[in-house]
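Me: I would like to learn how to read strands and cores in a model. Could we go through them step by step, with the general idea ahead of each case?

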Amino acid sequence: MSSVLDHLETLYADTDDPWHFATSPYEQAKFRATRKALTRDRYRSALEIGCGNGALAHHLALLCDSYTGIDAVSRAVIAAQNRVPDAHFLQAVYPCPLPAANYDLIILSEVLYFLTPDAIRQLARDLVDLAPGAELICVTYLGDTAQALQGRDTLTVFQSALPEGTILKSVADTGAYSIDRGEIPR
């Protein structure tokens, strides 16, 4: 994980927005599509793992009574807190203990390929224990991730670690990214 963390810290070394979330039409369209993928108008409590600078939280936190984001990079967490001051952001490198709450929304947006297969499987188990019944949204980049695993591969690993019968259904696939939705089993 240290090489991945080093890579992420290098990306954030000179900017709070290394992927140009604020100005990219592609990123803004993806955020709108993610919001559209949600099945409810309101959520009690959301957890976003890999929240980056809070760009997606900016679009989703208003729909939630409470919103918690986790990211590995300190600069990203500070930027997220500044961008969405009513939300709560933590610096943590997964695998780590996840903050306990009564989550009814879990967001994994373009984060799984930064994890090892074992960490992806552990995350699936942790989410089953942490948030039974929560809506699960997985946004997956489909291009070259420059990581050991590619987007669709990470989604396959994650899906296979969820309890039998848990289905992640594709609700959007642009060829550049996919959005899959499911429910964490009770």
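Reply: Buried means under 20% relative accessible area, exposed over 50%, and partly exposed in between (1.4 Å probe, protein chains only). Helices (H or I, at least four residues) and strands (E, at least two) are DSSP runs, numbered from the N terminus. This is a predicted model, in which local features need pLDDT of at least 70 and side-chain atom pairs count only at pLDDT 80 or more, while totals for chains, interfaces and linings use all residues. Residues are numbered from 1 along each chain as its sequence is written, and side-chain values use heavy atoms, with hydrogens and water left out.

Me: How many residues of β1 are buried?

Reply: Six of the seven residues in β1 are buried, and the strand is thus mostly covered.

Me: Which strands pair with β1?

Reply: Two strands pair if DSSP finds at least two bridges between them. β1 runs parallel to β2 (residues 64–71), joined by six bridges, with Leu-47 partnered by Thr-68 of β2. With β4 the pairing is also parallel, over four bridges, and there Glu-48 has Ile-107 as its bridge partner.

Me: Which residues touch the most other members of the largest nonpolar core?

Reply: A nonpolar core is a set of buried Ala, Val, Leu, Ile, Met, Phe, Trp, Tyr and Cys residues joined through side-chain atoms within 4.5 Å. In the largest one, of 31 residues, these are Ile-106, Leu-108, Leu-123, Leu-127 and Phe-158. Elements giving two or more residues to this core include β1 (43–49) and α5 (117–130), and α5 gives the most, with seven residues.
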